[in-house]
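Subject: Structure handover

Hello,

The structure we spoke about is below, together with its sequence. My notes come after it.

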Amino acid sequence: MAENKKSFILYCDLLGTISKLPDDQAGKLFKHILEYVNDKDPKIDDNLLLEVAFEPIKQTLKRDLQDWERKREARSAAGKKGMESKWGNSDAALLRSERMSEARKKGTHTKEQWKRLIEICENKCVKCGNEDIVKDHIKPIYQGGSDSINNLQPLCKFCNSSKGADSTNYIMQFLQKMPNKSNIAYQELTKITVSDSVNESVNVKVKENNIVDRKLKFSETLSPFLETYGRDMLNEFYRYWTEPNKSNTKFRMELERTWDLKRRLDTWDKNQKIIGGAPKVEKTNFKI
Ligand SMILES: [Zn+2]
């Protein structure tokens, strides 16, 4: 008998066999059955009568034991399956949870930080403006990105699922179009977790934030020329020379090998007079 199996069945039709046996033999048979199911390996010593009587009982007991073992295996498999679906114990899910715990070692965020971040981003996808937003890791977790607030941006489900290996910081692009207030709010929020210096995206963020600061400094260098050239020309000049490169790390003026502001303004002014006025610019960040 198997381990943990505490019972066995004696079928009613056994009566047909037992009733044909003398009482002492019936008693021996019953003892024999009990010893057999308790794995005592009993012997029938030349007792042909008992041997014949026991044989069909033995077969029934064996068959019942096999049935019991089959059912036990099926139950155990079903139990395992149940656990797997409960815990998502597939390779992919396991890998994802491992990556997530790696990402959290590099930095974490609170619910409040995420809530604040989406407020700053006006509850919209920072890439396309849709409202059905989800949490996106700027540098994907599978590429070693962290789970800190610095590495998060709200994207809509579509932009999120179609981003692939794209690790563009769309928040920075979004913030450049926003009033300064939003930029400051973002800096205040992300500074909270900047302590995790391991986070590479922090460095990217600082770099990209600096471009805003550098543009501001550039605009300040134009202020002394306001009277000479007028606001409109300076706005156009500023807008042209602050156009960022594709990776948004530098703007046009910074890519010049040489830069003499006075000369550039003179040339711009002359060209403008020759062409007869530059085209209108619809909006500018330049404030004097
Ligand atoms: Zn989107």
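Predicted model: local features only at pLDDT ≥ 70, side-chain atom pairs only at ≥ 80, totals over all residues.

Helix α2 covers residues 23-37. With 15 residues at 1.5 Å a residue, α2 should span 21 Å, and its end C-alpha atoms are 21 Å apart, so expectation and model agree. After α2 comes D39, which has a positive phi, near 55°.

The helix pair is α5 (residues 111-120) and α8 (residues 180-191). Their axes come within 10 Å and cross at roughly 165°. Angles over 145 degrees count as roughly antiparallel, and α5 and α8 are therefore roughly antiparallel to each other. The crossing of α5 past α8 is left-handed. On the α5 side the contact is made by Q113, R116, L117 and I120, and on the α8 side by S182, A185, Y186 and L189. By type, the residues of this contact are 5 nonpolar, 2 polar and 1 charged. As for the spacing of these positions, an α-helix has 3.6 residues a turn, so residues three or four places apart point the same way.

The loop between α4 (91-106) and α5 contains G107. Is G107 buried or exposed? The cut-off for buried is 20 or more other C-beta atoms within 10 Å; G107 has 22 and is therefore buried. In sequence G107 and D147 are 40 residues apart, while in space their C-alpha atoms are 5.4 Å apart.

Regards

Conventions:
Residues numbered from 1 in each chain as written. Helix = DSSP H or I, 4+ residues; strand = E, 2+ residues; numbered from the N terminus. Expected span 1.5 Å × (residues − 1). Axes fitted to C-alpha atoms, helices over the stretch in contact; angles between N-to-C directions. Parallel < 35°, antiparallel > 145°, perpendicular 65-115°, else oblique. Left-handed = near helix turned anticlockwise from the far one by under 90°. Contact = placed C-beta atoms within 7 Å. Nonpolar A, V, L, I, M, F, W, Y, C, P; charged D, E, K, R; others polar. Buried ≥ 20, exposed ≤ 12 C-beta atoms within 10 Å, placed from the backbone.
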